[in-house]
Amino acid sequence: MKNLKLYLILFAGSLLMTVSCKKKEEKSAVVEKEDLVKFDSTQIASFFVKYPEFKSFESEIKEVYKKRNYHYVWYDKDGRIDFAEVLYNRINQIKSDGVQASIPYKKQIDELFDQRESKKAGPESDFLVSSMYFFYTKNVLEGLDPEKSKQTGWYLPRENVSYVDYLDSLLKDPYLIKKDKGELIGQYYNLKKALQKFREIQKAGSWSKIELPEGVKSLKPGDSSTAITQIRKKLFLIGDLKKDSGKPIFDDDLKEALTQYESRHHRKFDNKIGPAIVKNLNVPIEERIKTIIVNMERCRWINPETMNAKELVAVNIPSYRMQYFRDGKRVLESNVVVGKELNQTVIFSGEMSYIVFSPYWNIPPSIIKNEIKPGMDADSDYLAKHNMEWNNGNVRQKPGPNNSLGLVKFMFPNSNNIYLHDTPAKSLFGRDARALSHGCVRVEKAKELANAILDGDKKWNAKKIDEAMNAGTEKAYTLNHKIPVYIAYFTAWADANGNVSFYEDIYKKDDKLAHLLYTEAK
């Protein structure tokens, strides 16, 4: 009986301790009503007189406190809540997010959090932490204003997020701020790992310049050179070579690493170390870091819910790749040809609503003026030779295997008159650089894309799709549902381990964005 009584006493004590700990844990984030500390609302205006660099957050901060009937957010009667410390820690690591801006009033904020005794904190302390929160959300989560992102040619939709409401969510569940792929798209966190890796390389000072021997155009397997030792070291640093043997010989391990490196950048390795590879590996580490930071900023402009769409077609212009996703999984990947620098493919989104088989090509007026009419002036049979005809005052190319749009096109109506389409010029997909079109996106696996999109549609099967593509008669088919299409621009893309691929900045957009980022930081 004594043992039973002792057990019950211990059990009751354990239960009380558990409940007590749980209440304390909940209280660290959510301030109980009776613990709230109130202040005079007129004190907010005087805060921004003293701290003018935070004035851009005035409207949000007023909204925060008005919602709470002018009670403290970050302090209760027992002092500063734990989540404030979590936020302060994130602010101190803000450089790891590629943010160039300096934290305003860092000295005052540091002094505030150095104070162990926080029970006597006044309204200014609470306002400082709130300002710190909005500085964090502005620079890490939101990024440049939409109007400034448009200056870089980015017309993908930007989500309007209320970071006042987001604060409510964080106060209820502080763990949200630590979750990857919650606040931003997953690619952001991959690039963040890449940024850390490249900064460590920079800090170590191990990014030496590679030089081919004088008079040597390329190195082949079996060759020996100091350049091979240098290349081996760089491939080890960036993760394509598991071990740096230091050998100056072009052996199988190096060949495998170079194959992986080129494949990761969507290039074919010809088993030679030539000027192109050397030039690519010699890009200064500072430039690589800047490129990563620029692309982290672009990630801030994409709604993380994008990848949750039931279906999605995504084109990345600099990598010359298109991907089709269904239920978050990649179903198809294809090489693409995009617009020349003078006929840039626009960065925007649309909704694919129909597919056209055996399409006519209604030639744009600019092409008629600059290409077709000069051809007609030189050759009276120009239209017939190119399977073209006049149609209501315009020129169009008839359906067929030589039609410039190929055998199928994928339409997402937009003011830019851009769409995805097949092409008879298949040899162009063999090139590494494929900025060659008038602006539309040519898809190497156009037939496969049609099959993937119409998979599950009872009106279609592979045979019917093939027949429609080769019928020689235009046929449009409206899809059962619209599919989001995103045409984006990323010159750096990393995997989950932070292994990053760099692509040529074909439209020279990186420097313009970098200029905006670094100027804003001043």
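Asn392 sits in the loop between strand S8 (388–391) and strand S9 (394–397). Strands here are DSSP runs of E with at least two residues, helices are runs of H or I with at least four residues, and both are numbered from the N terminus. This is a predicted model, where local features need pLDDT of at least 70, side-chain atom pairs count only at pLDDT 80 or more, and totals for chains, interfaces and linings use all residues. Residues are numbered from 1 along each chain as its sequence is written, and side-chain values use heavy atoms, with hydrogens and water left out.

Asn392 has a positive phi near 55°, though it isn't a glycine. Most residues other than glycine have a negative phi. Asn69 also has a positive phi, about 55°, and isn't a glycine either. Its place is the loop between helix H3 (58–67) and strand S1 (75–76).

How open are these spots? Buried means under 20% relative accessible area, exposed means over 50%, and partly exposed lies in between (1.4 Å probe, protein chains only). Here's how some residues come out:

| Residue | Relative accessibility | Class |
|---|---|---|
| Asn392 | 75% | exposed |
| Asn69 | 43% | partly exposed |
| Cys440 | 14% | buried |
| Gln397 | 5% | buried |
| Cys299 | 0% | buried |

Gln397 belongs to strand S9. What does Gln397 touch, leaving aside its neighbours within four places in sequence? Its contacts (heavy atoms within 4.5 Å) include Pro359, Tyr360, Trp361, His386 and Asn403.

As for the cysteines, a search of the whole structure turns up 0 disulfides, a disulfide being a pair of cysteine sulfur atoms within 2.5 Å.

Now for the core. A nonpolar core is a set of buried Ala, Val, Leu, Ile, Met, Phe, Trp, Tyr and Cys residues joined through side-chain atoms within 4.5 Å. The largest one has 153 residues, and Trp74 and Leu420 touch the most other members. Helix H6 (residues 123–142) supplies the largest share of this core, 10 residues.

H6 also packs against helix H8 (residues 163–172), at an angle of about 105° and with the axes 11 Å apart. The axes are lines fitted to C-alpha atoms over the stretch in contact, with angles running from 0 to 180 degrees between N-to-C directions. The two helices are therefore roughly perpendicular, a label for 65 to 115 degrees. Among the residues that meet are Tyr133, Phe134 and Leu141 in H6, and Tyr163, Val164 and Leu170 in H8.

Notes: Angles under 35 degrees count as roughly parallel, over 145 as roughly antiparallel, 65 to 115 as roughly perpendicular and the rest as oblique.
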